[in-house]
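Hi,

Here is the structure I promised to pass on to you. Please open it next to this note, and then read on for what turned up in it.

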Amino acid sequence: MSRAGRVRHQARPRLTPRGISLMVVGGILFGVALWFDLRDILLLAAVGIAMPLAALGFLAARPPRLAVHRTFEPPVVGAGHSTTVRLRVHNRSRRAFDGAHWRDLSSPALRPPPEAILPAVGRTEGLLPSGDDTVGLEYRLRTPRRGVFDVGPLRISVTDPFGLARIDRVAGGARDLVVTPRVTPLEPAVGLLASVDGTVHALQRRTRPNSDELIAREYRYGDPLRRVHWAATARRGELMVRDEEQRGDPELRILLDTALGGRASHPGGSRDAADALDPAFELGVELAASLGVHLLSRGFRVRLDPIEDPAAQVEPIAAEAGGYRASGGDVSLLEDLARLEPPRRETARGEPREPRRHPVAPPTSARRDMRMPAIAVLIDPSGDAAETLVALRASVEPAVAFAAESVSARIVERLEEADWRVIRVRRAVDLPAAWQEAWRSAREAVRTGGRHGA
């Protein structure tokens, strides 16, 4: 995601406005003294020129040596919230210094606080873990948008006792701050989720007719009551659940358009720049985050995959190919989406492309029984990506696609012809209503045998 720009700091001391003024006055006095042969004024001129030079040498010979430890609370924060940044600054030099200024350097998108005065720091105390040689700093950092941002290093500005010269040094390194996308709460849609779960378990009972007679295990906290094995419970006198039905956990696939193959160009460069922010791409990421977190909370195992685009290099999204599970999966999902970057390539819209064939075998009757629900989040897919979804349609049920305004009408029409239910979403706040509409049509599709109609 976005990174703080390369830190540029003054490696050498420089004069402050006060030091520059003193040198200018000293130079003027030196010229006047030479012109009018005033030896008393010549001494004052020499002092005015020598003091700033001495201040530069003082700072160059005794630069600050500091160690910085940085922590975030919380370490992972959602977009639109704030985190507390705590710094522990340790003096490693043999001299104390005060009157210094500090500022934590980070991405401008995070709006770091302005420069502030650093408390007095004593000289190093090697035998003690902390003391006068260590000071603590703390500030709040707003996170207006998702991403992975570099926070740090710490810039320390030190001046000489007279304020004639200044030196800026950086201490410590940068640390990643993970900002997860915003999540829009969705309605439970209990009826549909229960029907999907029941379909999976009914399939398991058809493929394993003796599953009720398999070994049961003791009930554990968090097991759903639908897995209670009543016959084994009656025999053992304690609550038992079917262990084999773990394989029947409902699974859903979310397909996210990360290639944006339908665009003429994509914003490149650093995401720290405000003009590099892609509203359509951010909307797609927020939709995927909201859908994934909601489904995980309902007990689904969620797979998050990019939509395959033969014309573009598409990288995987999830850190683990097995998908996300309800226990802790929402955190991993949001962190993976926080690290997702828009593509940085350029394609010419309108260039004729050779049609590509998608070698997807037609589903058999057995494979048709194994169809899982799928949700596609479309930002601006290419025709090849749309054909991938068309070929995938036979293996998923229900098939719902949430499309941003940037998706062309031609792509929407092609998907609807292939029996994808396409719903337009203009803003993240429109997702709850679109969610209800999608699952109403999905229930109708299940009732009518997989066709949602016009």
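This is a predicted model: local features need pLDDT of at least 70, side-chain atom pairs count only at pLDDT 80 or more; totals for chains, interfaces and linings use all residues.

Residues are numbered from 1 along each chain as its sequence is written, and side-chain values use heavy atoms, with hydrogens and water left out.

**The parallel sheet**

Strands and helices here are DSSP runs numbered from the N terminus (helices are H or I with at least four residues, strands are E with at least two). Two strands pair if DSSP finds at least two bridges between them.

Strand S15 (residues 372-378) runs parallel to strand S13 (residues 251-256), and four bridges join the two. Besides the pair named above, Leu255 stands opposite Ala376 in S15. Ala376 also stands opposite Ala401 in S16. S15 and strand S16 (residues 396-403) pair in the parallel sense as well, over six bridges.

These strands belong to an open sheet of five, in the order S14-S13-S15-S16-S17, with parallel pairing. At its edges are strand S14 (301-306) and strand S17 (421-424), each of which pairs on one side only. On average, neighbouring strands of this sheet are turned by 20 degrees against each other, direction ignored. (Axes are lines fitted to C-alpha atoms, for helices over the stretch in contact, and angles run from 0 to 180 degrees between N-to-C directions.)

How many residues of S15 are buried? Seven of its seven, so the strand is mostly covered. Buried means under 20% relative accessible area, exposed means over 50%, and partly exposed is in between (1.4 Å probe, protein chains only).

**The antiparallel sheet and an aromatic pair**

Another open sheet has three strands in the order S2-S4-S7, with antiparallel pairing. Strand S2 (66-73) and S7 stand at the edges with a single partner strand each, so one side of each has no neighbour in the sheet. Strand S4 (residues 82-91) and S7 are joined in the antiparallel sense over nine bridges. Within this pairing, Val85 stands opposite Tyr139 in S7.

A search of the whole structure finds one aromatic pair. Trp102 and Tyr139 form this tilted pair, 6.1 Å centre to centre and with 40 degrees between the planes. Trp102 lies in strand S5 (residues 101-106) and Tyr139 in strand S7, so the pair ties together parts that are 37 residues apart in sequence. Both Trp102 and Tyr139 are buried. As for the term, rings of Phe, Tyr and Trp (its six-membered ring) pair if their centres lie within 6.5 Å; planes under 30 degrees apart count as stacked, over 60 as edge-to-face and the rest as tilted.

**Salt bridges**

The whole structure holds 18 salt bridges (a side-chain nitrogen of Lys or Arg within 4 Å of a carboxyl oxygen of Asp or Glu). Three of them are worth a look.

- Arg14 and Asp168 meet at 3.0 Å, N to O. This pair links distant parts of the chain, with Arg14 in strand S1 (residues 14-15) and Asp168 in strand S9 (residues 165-171), 154 residues apart. Arg14 is partly exposed at 30% relative accessibility, whereas Asp168 is buried at 5%. Both belong to a network of salt bridges that links Arg14, Glu115, Arg155, Arg166 and Asp168.
- Arg146 and Glu282 have their closest N and O atoms 2.7 Å apart. Arg146 lies in the loop between strand S7 (134-142) and strand S8 (147-159) and Glu282 in helix H5 (residues 279-297), so this pair ties together parts that are 136 residues apart in sequence. Arg146 is buried, with a relative accessible area of 3%, and Glu282 is buried too, with 10%.
- Arg427 and Asp430 meet at 3.6 Å, N to O. Here Arg427 counts as exposed at 52% relative accessibility, and Asp430 as partly exposed at 24%.

Happy exploring!
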